[in-house]
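Me: I would like to learn how to read a model like this one, feature by feature. Can we go through it together?

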Amino acid sequence: MDELDQKILGLLSGDARMSLATMARRLRIARSTVQARLERLETGGVIAGYTVKLGEAAKAGRLRATALLEIDLRVQPAILQKLRSLPEIERIVTTSGRVDLLLQIAANSTQQLDAVLDVIGEIPGVQNSESFIHLTTKLDRAV
């Protein structure tokens, strides 16, 4: 990946809907060059897809939480399968350190969040959990 690829990614990070023509104008290169670079970045796995980042209006009323899980690693595949089936779980990350999994959860109410946490706690192989309700996001650079 060279400097031009990084500039293209920077533009797309700011606006994934930016047209090829607009990118070409801003970068002062041919539209066909932008298109070829994007195709190469996509086929090379640098760009995995294009998505929507929800704004505050869409997130309003959604309660977010993080859950830290200690699990029996011998049954991790079964635990992950169950966790993936819960629509409130937005992200699952394996970690190093004292916990094994970090979950990002979104719920419409404290009651829904409590019910999801109960289901998680009942999954065979989940040995311990700790949860934190998110209050205010001070910085979010994630896409």
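Me: What should I know before reading any values?

Reply: This is a predicted model, where local features need pLDDT of at least 70 and side-chain atom pairs count only at pLDDT 80 or more, while totals for chains, interfaces and linings use all residues. Residues are numbered from 1 along each chain as its sequence is written, and side-chain values use heavy atoms, with hydrogens and water left out.

Me: Which domains does the chain have?

Reply: Domain bounds come from an automatic or database domain assignment. Here the assignment gives domain 1 (3–44) and domain 2 (56–134). Their centres, taken over C-alpha atoms, are 36 Å apart.

Me: How do I read the crossing of H1 and H3?

Reply: Start with the terms. Helices (H or I, at least four residues) and strands (E, at least two) are DSSP runs, numbered from the N terminus. Axes are lines fitted to C-alpha atoms, for helices over the stretch in contact, and angles run from 0 to 180 degrees between N-to-C directions. Angles under 35 degrees count as roughly parallel, over 145 as roughly antiparallel, 65 to 115 as roughly perpendicular and the rest as oblique. Now the case. The axes of H1 (residues 3–14) and H3 (residues 31–43) come within 11 Å and cross at roughly 85°. That makes H1 roughly perpendicular to H3.

Me: Which residues of H1 and H3 meet?

Reply: Contact means heavy atoms within 4.5 Å. From H1 come Leu4, Asp5, Ile8, Leu9 and Leu12; from H3 come Thr33, Arg37, Leu38, Arg40 and Leu41. Next, sort them by class. Ala, Val, Leu, Ile, Met, Phe, Trp, Tyr, Cys and Pro count as nonpolar, Asp, Glu, Lys and Arg as charged, and the others, Gly among them, as polar. The contact of H1 with H3 divides into 6 nonpolar, 1 polar and 3 charged residues.

Me: At what angle do H2 and H3 cross?

Reply: Their axes cross at roughly 110° and come within 8 Å. H2 and H3 are therefore roughly perpendicular to each other. Leu20, Ala21, Met23 and Ala24 of H2 make the contact with Arg31, Val34, Gln35 and Leu38 of H3.

Me: Which residues of H2 are buried?

Reply: Buried means under 20% relative accessible area, exposed over 50%, partly exposed in between (1.4 Å probe, protein chains only). In H2 (20–27), the buried residues are Leu20, Thr22, Met23, Ala24 and Leu27. Their cover includes H1 and H3.

Me: What happens just after H2?

Reply: Arg28 takes a positive phi of about 60° there, although Arg28 is not a glycine. Arg28 lies in the loop between H2 and H3. Its relative accessibility is 77%, so Arg28 counts as exposed.

Me: How many residues has the largest nonpolar core?

Reply: In soluble globular proteins, nonpolar side chains tend to be buried together. A nonpolar core is a set of buried Ala, Val, Leu, Ile, Met, Phe, Trp, Tyr and Cys residues joined through side-chain atoms within 4.5 Å. The largest has 19 residues, and Leu69, Leu83, Leu103, Ile105 and Ile120 have the most contacts inside it. Strand E1 (63–71), helix H5 (76–84), strand E3 (101–107) and helix H6 (110–122) each give two or more residues to this core. E1 gives the most, with 5 residues.

Me: Where is Ser109?

Reply: Ser109 sits in the loop between E3 and H6. At 25% relative accessibility, Ser109 counts as partly exposed. Ser109 and Leu63 are 46 residues apart in sequence and 6.3 Å apart in space, C-alpha to C-alpha.
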